[in-house]
Protein chains: 2
Amino acid sequence: MRSASSPEIPEVNPAPPLLVVLSGPSGVGKDAALAGLKKLDRAWHFAVTATTRAPRPGEKDGVDYIFLDTDTFLKMQERDELLESAQVYGRWYGVPRSQVRQGLRAGRDVILKIDVQGAATVRRLAPEAVFIFMMPGSMQELRGRLAHRMTETSPEMELRLRTAQQELAQVGQFQYRVVNQDNCLDQAVAEIDAIITAEKCRVTPRLVQFL
Amino acid sequence: MRSASSPEIPEVNPAPPLLVVLSGPSGVGKDAALAGLKKLDRAWHFAVTATTRAPRPGEKDGVDYIFLDTDTFLKMQERDELLESAQVYGRWYGVPRSQVRQGLRAGRDVILKIDVQGAATVRRLAPEAVFIFMMPGSMQELRGRLAHRMTETSPEMELRLRTAQQELAQVGQFQYRVVNQDNCLDQAVAEIDAIITAEKCRVTPRLVQFL
């Protein structure tokens, strides 16, 4: 427990890389928070999710998502190249294992944005990850955001709202909750940033035994 | 588990007030960190410690410390008005219970700067507090800071350095460690601030059952 450079004090090892799982119901603002986190320009690795859904305006392949046709996606699934995958509202989503593995191996904290189902799978595989749950300020706010997105037809929106209510009940499975109130995205981003900073200061680090 | 204002989502209670214990060996920079934390102007309550030591230049009674004569200090001790007290290098230090109680009752996070002995006492009384240990970048840095303070005669400094080494071995009793490297005080302050922010986001809050 002594470092090479300072023989007189207990070793201060650089904290091991974290796997940070950012989850929450559809429409809560995970993508906006992620964009805010990217702007902070920390040395984080953002894991990119593969999906069979169509790109929304402005989304870039390989950056926002890896956009795949269903055939390609299912082949990756067959070859066990996905950490987890799930059908959400009829489209496939999955995290390529390589996305997480590469970041951790390079010693970088990995940020993984994932739906609530997916977070449950990651919790089984990597319980030492840091689990952050994003919550809306209210269901009214969530409804407003889903409506604003303009890609949801009304019955689909109702389904998402019902699902959101079930998902919100799972907040107890997470270590942290960040409330993303309307017009307070900066605060939510700052809180996620603070959580990561604090986790790096833990005396007993969370060592991700991953894959 | 449902809030009055938003019947459809689980209640997001304001996080209960934290008791944040900031400790570390003499000379590590606890006072400088505290000054930095005060400048952040958060709604924190800084518990003021009572002491029988003489004020250092610039220190204000009731702000930096409550300066007491030994007789008055011992009477407070007798009346059990001190949360903990200890003789450190021949002078008495103690935290008036009222300093902590008032802050917590007002719903404010209380920051308590305390030596390593004192932190151990607070841990027994309030294990749900948040314990942060400040470490020097190296023993050379610690020696330099103690020398710079100019109030330490050489044998006293050697005693402090030996004590510091013993205290550093106790870092495992703390939840967080913040390294205060020379010329990096701002980073240490930012880390303490982040730890408090993160603790406020915990899904399972640390409820201080205090006094």
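In this predicted model, 28 residues of chain A are in contact with 28 residues of chain B. On the chain A side of that contact, β8 (130-136), α6 (154-168), β9 (176-180) and α7 (185-200) each supply at least two residues. Helix α7(A) gives the largest share, with five residues. Sorted by class, the side of chain A that touches chain B consists of 18 nonpolar, six polar and four charged residues. For the complex, the predictor reports an ipTM of 0.88 and a pTM of 0.89.

Confidence in chain A can be stated as follows. Its mean pLDDT is 89, and 91% of its residues reach 70 or more. Residues 1-7 of chain A are another matter: pLDDT stays under 50 there, and the model has eight contacts beyond four places in sequence for this stretch. Where pLDDT is low, the predicted coordinates should not be read in detail.

The next topic is the interior. In soluble globular proteins, nonpolar side chains tend to be buried together. Here the largest nonpolar core has 93 residues, and Ile132(A) and Ile132(B) are those with the most contacts inside it. Which residues does Ile132(A) touch, leaving aside those up to four places away in sequence? They are Val20(A), Val21(A), Leu22(A), Phe174(A), Tyr176(A), Val178(A), Ile192(A) and Ile195(A).

In chain B, Ile132(B) belongs to strand β8(B), where it is buried on one side together with Val130(B), Met134(B) and Pro136(B). Because seven of the seven residues of β8(B) (residues 130-136) are buried, the strand is largely enclosed by the rest of the structure. A residue counts as buried here if 20 or more other C-beta atoms lie within 10 Å of its own.

Strand β8(B) has its place in an open sheet of five strands, in the order β2-β7-β1-β8-β9 of chain B, with parallel pairing. The edges of this sheet are β2 (45-46) and β9 of chain B; each has a single partner strand, so one side of each is left without a neighbour in the sheet. Strand β1(B) (residues 19-23) runs parallel to β8(B), and four bridges join the two. Within β8(B), Ile132(B) is the residue that stands opposite Leu22(B). With strand β9(B) (residues 176-180), β8(B) forms five bridges, also in the parallel sense; here Pro136(B) stands opposite Asn180(B). Helix α4(B) (residues 116-125) lies across β1, β7 (110-113) and β8 of chain B, and runs at about 155 degrees to β1(B).

Two bridges connect β3(A) (residues 50-51) with β4(A), in the parallel sense, and Thr51(A) has Phe67(A) in β4(A) as its bridge partner.

Some individual residues remain. Most residues other than glycine have a negative phi, and most peptide bonds are trans. Asn183(A) has a positive phi, near 65 degrees, without being a glycine. This residue lies in the loop between β9 and α7 of chain A. Asn183(A) counts as exposed because 8 other C-beta atoms lie within 10 Å. In chain B, Asp41(B) is not a glycine either, and its phi is positive at about 65 degrees. Asp41(B) is found in the loop between α1 (30-39) and β2 of chain B, and with 7 C-beta neighbours inside 10 Å it counts as exposed.

Is Arg162(B), which has 10 C-beta neighbours inside 10 Å, buried or exposed? With that number of neighbours, Arg162(B) counts as exposed, since the limit for this class is 12 or fewer. Arg162(B) lies in helix α6(B) (residues 154-168). Its C-alpha atom is separated by 27 Å from that of Leu83(B), 79 residues apart along the chain.

Technical notes
Residues are numbered from 1 along each chain as its sequence is written. Chains are lettered from A and ligands numbered from 1 in the order in which they are written. This is a predicted model: local features need pLDDT of at least 70, side-chain atom pairs count only at pLDDT 80 or more; totals for chains, interfaces and linings use all residues. A nonpolar core is a set of buried Ala, Val, Leu, Ile, Met, Phe, Trp, Tyr and Cys residues joined through C-beta atoms within 7 Å. Two residues are in contact if their C-beta atoms, placed from the backbone, lie within 7 Å. pLDDT is the predictor's confidence in each residue, from 0 to 100. Two strands pair if DSSP finds at least two bridges between them. Ala, Val, Leu, Ile, Met, Phe, Trp, Tyr, Cys and Pro count as nonpolar, Asp, Glu, Lys and Arg as charged, and the others, Gly among them, as polar. Axes are lines fitted to C-alpha atoms, for helices over the stretch in contact, and angles run from 0 to 180 degrees between N-to-C directions.
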